[in-house]
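Here is a short report on a protein model. Look at the structure first, then read on.

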Amino acid sequence: MSRFRRSAFTLIELLVVIAIIAVLVGLLLPAVQKVREAAARMSCQNNLHQLGLGLHNYHDPNGGLASNIRPPTPPGIRVRWLTFILPYLEQEPLYRGINQNLNWSDPLNVPATGTRLKVVECPSAPNGQILDGAPPPETWAPIVANGDYVSIYGIDPRTIAAGLVRWAGQDGVSAPGAPGGNPLESGAVSKTAKLRFADFYDGLSNTLHVTESAGRPNIYRQGRLAVTATTGNRINGGGWCRPASDMRLVGSSADGTTFPGPCAINCTNGQDIGSAYPHPVYGVDGSSQVYSFHTGGANALFVDGSVKFLRQTIDIQTFAALITRAGGELPGDY
Amino acid sequence: MVRRAARLSALTFAAAAVAALAGCGGPKFTPVTGKVLVGDAPAEHATVVFHPVNEAAPGAVKPRGTVGADGTYTLTTHTAGDGAPPGDYKVTVEWWLTGMKSVADPESPPKNRLPAKYADPAQSGLTATVGAGPTEVPTFTLKK
């Protein structure tokens, strides 16, 4: 009996067991990655819901939406809409830490504006960094905390010039509600007008309020880091406290290098502004484009407070219809 | 006999494959460059758009380019520098620049620095022909 008793596994048995375990782990790991990304995307959508609640709660006591209108005095002060809704996001101490008579880049404001804010960080993005700084004449250095969300002023005239977006004004019809039919001032965030819900003739559920532009001021193209931000090469935008972190729709070529172009989402997170400032084309506006680190599209908050996932294959004309608050167009299927 | 049939079917298959691949090509693109001057100065940051004269697919993405510091532009349709399909084009140029000189300036919307006629393919008077090979379009000299 004892002659046939086996005292251990043979090598073959061991190898077979290891192979089976390897196959099982190989099946499991991609699933875990997918679940992690799905969780990050949901957390990212939840942030947008929070911003939507903040914007809505601000609207009624203040007689309009938070805007990027510059304070009349002193000149050169910039305050972003996000700053005004901080008390409605339970960030009262941060709100009180920002002196609105000084610019966001003032050394007295930097302790607040350099504070990371979880509600504006999308977990899918390489976020959680202090990367953005003030443009010339100040010296650019990374001093303020990043935000991954962007609101859209309107449509860039170059995109209309290239025939990528047809603008009502081209046919002699001015877009109702948009001041002077100016395409650059046709969106849900304004630098000139205090917008109320009544000004959204297209309907609150058909107008885009906040979407994603992640990874700024570094430049990403098609999922890859193309340019690390420096004084001479970067996107103008990124810091959650900066009005320049909002954008105009330009669109790019599929590779994300030339502007304007037919790609509205996920080709690049923005255009390199170089070192001349104010930029000859953008002026002091941001040069971001819509970009997320999710597969296939980007999350978007609409003015009615709903959050949808926009596919990156969206037609740029349809996307422009979602941006305008009073274009009178049918957005179609998206 | 069987052998001949096999050869024939192989030939048919090859021909079908070639036909299928040719169908995937669509219009061929050739690289196009050119220059835009206003007076004698380069129109840096101006947007140049090529409108096909006999448009096969209206609403298709038009070849376009941005003028650089030396006045030259390179046309892009889908990916940077891919150019335009050969053919005749009407050309429009718009030059949208900001009015802001400093950060402390009041907000001012950008303006087109060129006369409106250059923005209309019917009135611009600018035309170009893209050949089968890499094309350099004659310089457009515009009046402000």
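## The contact between the chains

How many residues does the contact take from chain B and from chain A? It takes 25 residues from chain B and 31 residues from chain A. Keep in mind that this is a predicted model.

Chain B and chain A bury about 2,200 Å² between them. Carbon and sulfur atoms carry 65% of that area. On the side of chain B, Arg64(B), Val103(B) and Glu107(B) lose the most area to chain A. Together they make up 29% of what that side buries.

## Polar links across the interface

What does the rule find across the interface of chain B and chain A? For salt bridges, the count is zero. For polar contact, the rule finds six residue pairs, both residues at pLDDT 80 or more.

## The chain B side

Three elements of chain B give two or more residues to the side that touches chain A. They are strand S3 (47-52), strand S4 (64-66) and strand S7 (96-97) of chain B. By type, the residues of this side divide into ten nonpolar, nine polar and six charged.

## The largest nonpolar core

The largest nonpolar core holds 38 residues. Leu51(A), Leu82(A), Ile85(A) and Trp240(A) touch the most other members. Helix H1 (11-62), helix H2 (81-85), strand S2 (144-145) and strand S3 (149-155) of chain A each supply at least two residues of this core. H1(A) gives the largest share, five residues.

Take Leu82(A) as an example. Leaving out residues up to four places away in sequence, Leu82(A) touches Leu51(A), Leu89(A), Leu117(A), Val120(A) and Trp240(A).

Methods
Residues numbered from 1 in each chain as written. Chains lettered and ligands numbered in written order. Predicted model: local features only at pLDDT ≥ 70, side-chain atom pairs only at ≥ 80, totals over all residues. Heavy atoms only, no water. Contact = heavy atoms within 4.5 Å. Buried area = accessible area lost by both parts, 1.4 Å probe. Salt bridge = Lys/Arg side-chain N within 4 Å of Asp/Glu carboxyl O. Polar contact = N/O pair within 3.5 Å; in protein donor to acceptor, adjacent residues only side chain to side chain. Helix = DSSP H or I, 4+ residues; strand = E, 2+ residues; numbered from the N terminus. Nonpolar A, V, L, I, M, F, W, Y, C, P; charged D, E, K, R; others polar. Core = buried A, V, L, I, M, F, W, Y, C linked by side-chain atoms within 4.5 Å. Buried < 20%, exposed > 50% of the residue type's maximum accessible area, 1.4 Å probe, protein only.
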